[in-house]
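The stops below can be selected in order.

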Amino acid sequence: MYLRVILECEEEGVPPLSARIVERLGRRAPTVHKAVDRLKQHRLITVDESRRLNLTRPGRRRAVAVMRKHRLAELMLVDLFGVPYDQAHREADQLQHALSDRVEQVLFRKLGYPVRSPYGNPIPGLTAIGGPPSARRRARGQAPLATPGLSGAVVVQRIGEWVQAHHALLMELAAAGVRPGRVVTVIQRPAAVVVGGVQLPEPLARGIVVTTDLDQAYGSSAQAAA
C-alpha cells in the first residue's frame, strides 16, 4: 500500500512524501517513517534531498502490480457483481491483496481485456497479464480541475484514488453526474473548485482530470462515428 500511494501521487502530479502516506493511509508519522526506512533497506525506494520518495525498478514493479489488481478488482465489483460505483474503491482495497496472479489473468479475460478502471484511470502493467502496453497519449486539452483559469464545460477523464477514498464525496460526485466521459461545468473559487455543483477543496480537485475537448464525451458525435 505504501508503494501504491507513491504511484498514486506520481499519477496526480503530487510530490510523493512521507506526509502523503500519513494522510492517505491514516497512519501515524513515526510508523510511516519506520516503514519508509524498511522500504529503503529493501531497495524498493530511494529518498532524495527534498525528501521525495522515488520508486526503484523493483519497487515500481511491486507498486504497478498492486495497482493493477486494485483497478481490476474495481471493475469486477462494478461490472460483474453490480456493486455501487461509489463503493467499489473501498472494497477493492481489500480484494487487491487476495487476487493471485492466475486469478488476475482469468479476471482480465472475463472483463473483456479492459484498459481503464470504472473511474477512468489507466490500468498499469497489463503486459504482465497478456494485455497491451499502457497508453501514454494524453487527451487534447487535458488538465486537473484545479488548473488556474479552467472553467466552463469540460469532460471528466478520470477520478484519482485519493478522491475515491473520500466515500461521501464520491457519492456526491456520482449523484451530480461527475463521472468519466460526462460533460460537467467547472467554476474556480478561492482555494476550491466547483464541478457539477459540488465544491471540492483544491488538493482534492487536483485528483480529478478533465479535458476541454468535448468530443471526448461519451455519446458524442465523434465517438458515435468511431
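Select aspartate 93 and everything around it: leaving out residues up to four places away in sequence, aspartate 93 touches Met1, Arg4 and His70 (contact means heavy atoms within 4.5 Å). The model is predicted, so local features need pLDDT of at least 70 and side-chain atom pairs count only at pLDDT 80 or more, while totals for chains, interfaces and linings use all residues. Numbering starts from 1 along each chain as its sequence is written, and side-chain values use heavy atoms, without hydrogens and water.

Which side chains make a polar contact with the side chain of aspartate 93? One is arginine 4, at 3.0 Å; another is histidine 70, at 3.4 Å. A polar contact is a pair of N or O atoms within 3.5 Å, and within protein one must be able to donate a hydrogen and the other to accept it; residues adjacent in sequence count only if both atoms are side-chain atoms. Aspartate 93 is buried, with a relative accessible area of 18% (buried is under 20%, with a 1.4 Å probe and protein chains only).

Now colour helix H5, residues 88–95, which holds aspartate 93. Helices are DSSP runs of H or I, at least four residues, numbered from the N terminus.

Next, select H1 (residues 2–12) and H2 (residues 18–25), which pack at about 105° with axes 10 Å apart. The axes are lines fitted to C-alpha atoms over the stretch in contact, and angles run from 0 to 180 degrees between N-to-C directions. H1 and H2 are therefore roughly perpendicular (65 to 115 degrees). At this contact, Tyr2, Val5, Glu8, Cys9 and Glu12 of H1 meet Arg20, Ile21, Arg24 and Leu25 of H2.

Note on methods:
Helices (H or I, at least four residues) and strands (E, at least two) are DSSP runs, numbered from the N terminus. Angles under 35 degrees count as roughly parallel, over 145 as roughly antiparallel, 65 to 115 as roughly perpendicular and the rest as oblique. Buried means under 20% relative accessible area, exposed over 50%, partly exposed in between (1.4 Å probe, protein chains only).
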